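Please look over the sequence and the structure shown below.

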Amino acid sequence: MHKMIPLCRITLLLAWLLPVWAYAQEPLSLAQAVSKGMENNYAIRISELDKNIAANNNTWGAAGRWPQLSFSLPGNYSRFNNPGSFLAGRENVAGNLDLDWVLFDGFGIQANKERFSLLEEQSAGNAAIIIETNIQAIVLGYNQVLVEEAQLDVLQDVLDNSKERLNYEAYRKNLGTGSTFELLQFENAVLIDSTNLIAQYLNARNARRNLNLVMGVPVDRQFVLTDSLQRNFPVYDLRDLQDRMLANNRNVRNQYTQLAIRQQDSRIARAGLYPTFSIGAGTTYSFGNVIQRNRNPDTMDEMPTITNKVSAFDYTAGFTIAFNLFNGGNVKRQIENAQISQEIAVLQIDELSRALTNELYARFDDYRARRQMLAIREANLRVATQNLEMAEERFEKGLINSFDYRNIQLQYLDIQLGQLNALRDLKETDTELLRLVGGLVRQN
């Protein structure tokens, strides 16, 4: 007589392999996941520090507008060994205060300041790209967990259904109306479904670890995801998406900033064609001792030296006009190179715009196709659900055998899992479209 595998043994096995997740968990919405990622991501933190450096450099002082003021305090002591000199030595300390101020340098100061502002803007743009990439990874990671756990629920339902069929067939076998062959089919189904459930549990666990990784939290930290799978997706207009992409895409905006920087480089190079006008002033206060030799007029022998204290206060002021008449054509060369760099930046913008437009068209086609496939999957799932319900009734009435019922059950499982995969694929394409048009940062 066939001995059925006890259901309690399978249940204990699954309970050991599938621990309860609700222990020590905290709720986590998608917005909270993004917030955690913004706080913990190392690349974002580094980019924020780079922004601070660019902001510190963006000053008129760094551009050269303000005067240079310096102070020095030199001191020296000199001893003279020349017996023919009436000076035996000197002690001197002088304080010097000097001022230099470039008032005009061919508009180079203004160009430098504008360039620093653009570099700060470029640093912020680079940070935005890093933030955008991190947000996309978190959104997809969060959605992947939802999909994997939804598939886990589906497999659990199928296993529960197989257990019910197994119990029903065991009951019929005990009454003498069932067969050992039918019972074996459902035992095999329970074992296969249990294996699939364990494998899917590992997939869900790995998805949670990956989400923790992109959020920058410990891999063993547990969360209860409070958001649900997105099932309704908008209908986009391609022309509208293209306009938004060219206006808001972070890479395009950064490239335009790079063009503006090259334009300022050209202004800085042209500053060499103009004269420079600067003023300077200085003051010196010195004090010290002059040591003089003292000789006896009768014998001409040296007597103790005489020390005289001296001090002086001097000041100077003036201006300088400088004009570069010829320096080997370096100014002309720098101007030409700056203009070539501008042309390169323009070409790079055109190249990037074409590449992004091509990518947008491809992702838009993917999005439309996946929306249609999702609609078909959902309709197919409704039919498969009704078919499974009818199969249960027909099996209990003996109108179909275990093979037919299992095939219908597996068909339902495949369609259910396929529908969840279609939701995941559509969410990935939707997120990529939002990234292309620069909508991820504003949306989150």
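Q: At what angle do H9 and H10 pack, and how far apart are their axes?

A: This is a predicted model, in which local features need pLDDT of at least 70 and side-chain atom pairs count only at pLDDT 80 or more, while totals for chains, interfaces and linings use all residues. Residues are numbered from 1 along each chain as its sequence is written, and side-chain values use heavy atoms, with hydrogens and water left out. Helices (H or I, at least four residues) and strands (E, at least two) are DSSP runs numbered from the N terminus, and axes are lines fitted to C-alpha atoms, for helices over the stretch in contact, with angles from 0 to 180 degrees between N-to-C directions. On that basis H9 and H10 pack at about 155 degrees, with their axes 7 Å apart.

Q: How are H9 and H10 oriented to each other?

A: Angles under 35 degrees count as roughly parallel, 65 to 115 as roughly perpendicular, over 145 as roughly antiparallel and the rest as oblique. Because the angle between H9 and H10 is about 155 degrees, the two helices are roughly antiparallel.

Q: Is Gln151 buried or exposed?

A: Gln151 is found in helix H5 (residues 108-175). Leaving out residues up to four places away in sequence, Gln151 touches Gln200, Leu417, Leu420 and Asn421, a contact being heavy atoms within 4.5 Å. With a relative accessible area of 6%, Gln151 is therefore buried.

Q: To which accessibility class does Phe107 belong?

A: Phe107 lies in the loop between strand S4 (87-104) and H5, and has a positive phi of about 70 degrees although it is not a glycine. Because its relative accessibility is 42%, Phe107 counts as partly exposed.

Technical notes:
Buried < 20%, exposed > 50% of the residue type's maximum accessible area, 1.4 Å probe, protein only.
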